[in-house]
Amino acid sequence: MTTNHPTEQDASDAGCSAAQECAAIEADLERLKTIVNDAAGRLLGSFHEFASLEQKISRNLEERQRIESAIGSAVMALQFQDMATQLTHHAQRRLAALESCLRAMHGQTPVAKQLEHPQPVPQVGMSTGSVDLF
Amino acid sequence: MQSILAVDDSASMRQMVAFTLKGAGYNVIEAADGQEALDKARGETVDLVLTDQNMPRMDGITLVQNLRSMAAYAATPILILTTESSAELKAKGKAAGATGWLVKPFDPSKLLDVVRKVIR
């Protein structure tokens, strides 16, 4: 009975494939950013259109309060583009660093990239953030 | 009318900040990064600066340091509005002279409460 141990060439090929996968994921994330930015631009346009129309129509106090509350929620939710873009950009940088390491293992690049900046977006949802006055 | 300098490299964030502040009667001047904000602050004095932290060319804390070195901005309230929430960065912001640290996303009514509290 023979056992097939991975050879150095197998490991090198696997590293090269993994690096190619990293590059493909980076490209997917770039497309995701484009889609998010396009959607956010359209949502913002609709939001401003609604907000400008809303001010021209007089309503009773209860309706105005409900609309103001809905607009406040929309203002919070529409901040998603900034957070999503930062998070996606950070993931791309991490993938680029990983890709560089894998290519270095494969002998394609001599120096691996280092990711210096920590995670910039720790939020896991769109609930309001903290306030600290010094 | 009191003026607020709103600094963020995200156009959508600037829009949401400006929408909120203008709706409460403030004049809003926008800048896309710290360097542009510094140039605008040299041109005219504002009553409050609300800045992001992570931006190209010049980040928020560096902007605070630069503004605090200017006599016209020695006592102007400066708020940092950012996704970052680490204690280390907050301490750096405080040491640079920031008035407060707000973590995104902001609630419009809470932002206005803070602005009314610190603006002179």
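**Chat on the two chains**

Modeller: Let's begin with chain B: a compact globule of 120 residues would have a radius of gyration near 14 Å, and chain B agrees with that at 13 Å. Bear in mind that this is a predicted model.

Colleague: What does the C-alpha trace of chain B span along its principal axes?

Modeller: About 30 × 30 × 25 Å.

Colleague: And how many residues of chain B count as buried?

Modeller: 48% of the 120. As for contacts with a separation of 6 or more in chain B, 60% of them are between residues 24 or more positions apart.

Colleague: What pattern does chain B follow along the sequence?

Modeller: It reads β-α-β-α-β-α-β-α-β-α, with five helices and five strands in total.

Colleague: How do strand 1 and strand 2 of chain B run, parallel or antiparallel?

Modeller: Parallel: strand 1 (residues 3-7) and strand 2 (residues 27-31) of chain B are joined by five bridges. In that pair, Val7(B) stands opposite Ala31(B). To get from strand 1 to strand 2, the chain goes through helix 1 (residues 11-23) of chain B, and the β-α-β crossover is right-handed.

Colleague: Let's stay on helix 1 of chain B. Is Val17(B) buried or exposed?

Modeller: Val17(B), which is found in helix 1 of chain B, is buried, because 25 other C-beta atoms lie within 10 Å and the cut-off for buried is 20 or more.

Colleague: What does Val17(B) touch?

Modeller: Leaving aside residues up to four places away in sequence, Val17(B) touches Ala6(B), Asp8(B) and Leu50(B). Val17(B) and Trp101(B) are 84 residues apart in sequence, with 15 Å between their C-alpha atoms.

Colleague: Where does Arg57(B) lie?

Modeller: In the loop between strand 3 and helix 3 (60-68) of chain B. Arg57(B) counts as partly exposed, because it has 14 C-beta neighbours inside 10 Å.

Colleague: OK, on to helix 5 of chain B. Which residues there are buried?

Modeller: In helix 5 (residues 108-118) of chain B, the buried ones are Pro108(B), Leu111(B), Val114(B) and Val115(B). Looking down the axis of that helix, the buried residues fall within an arc of 125°, so they line one face of it. Residues three or four places apart in an α-helix point the same way because there are 3.6 residues a turn.

Colleague: And what's on the other side of helix 5 of chain B?

Modeller: Asp113(B), Arg116(B) and Lys117(B), which are exposed there.

Colleague: What do the buried residues of helix 5 of chain B pack against?

Modeller: Elements from both chains: helix 2 and strand 1 of chain A, plus helix 1, strand 3 (48-51), strand 4 (78-82) and strand 5 of chain B.

Colleague: That takes us to chain A. What is its secondary structure?

Modeller: Three helices and one strand, running α-α-α-β from the N terminus. Buried residues make up 12% of the 134 residues in chain A.

Colleague: Which strand of chain B does strand 1 of chain A pair with?

Modeller: Strand 5 (residues 100-103) of chain B, in the antiparallel sense, over three bridges. In that pairing, Asp132(A) has Trp101(B) as its bridge partner.

Colleague: Last one: how exposed is Ile67(A)?

Modeller: Ile67(A), in helix 2 of chain A, counts as partly exposed, because it has 16 C-beta neighbours inside 10 Å.

Notes:
Residues are numbered from 1 along each chain as its sequence is written. Chains are lettered from A and ligands numbered from 1 in the order in which they are written. This is a predicted model: local features need pLDDT of at least 70, side-chain atom pairs count only at pLDDT 80 or more; totals for chains, interfaces and linings use all residues. Helices (H or I, at least four residues) and strands (E, at least two) are DSSP runs, numbered from the N terminus. Two strands pair if DSSP finds at least two bridges between them. A crossover is right-handed if, with the strands pointing away from the viewer, the path from the first strand over the helix to the second runs clockwise. The arc is that of the directions from the helix axis to the C-beta atoms. Two residues are in contact if their C-beta atoms, placed from the backbone, lie within 7 Å. The radius of gyration is taken over C-alpha atoms; the globule rule is 2.2 Å times the number of residues to the power 0.38.
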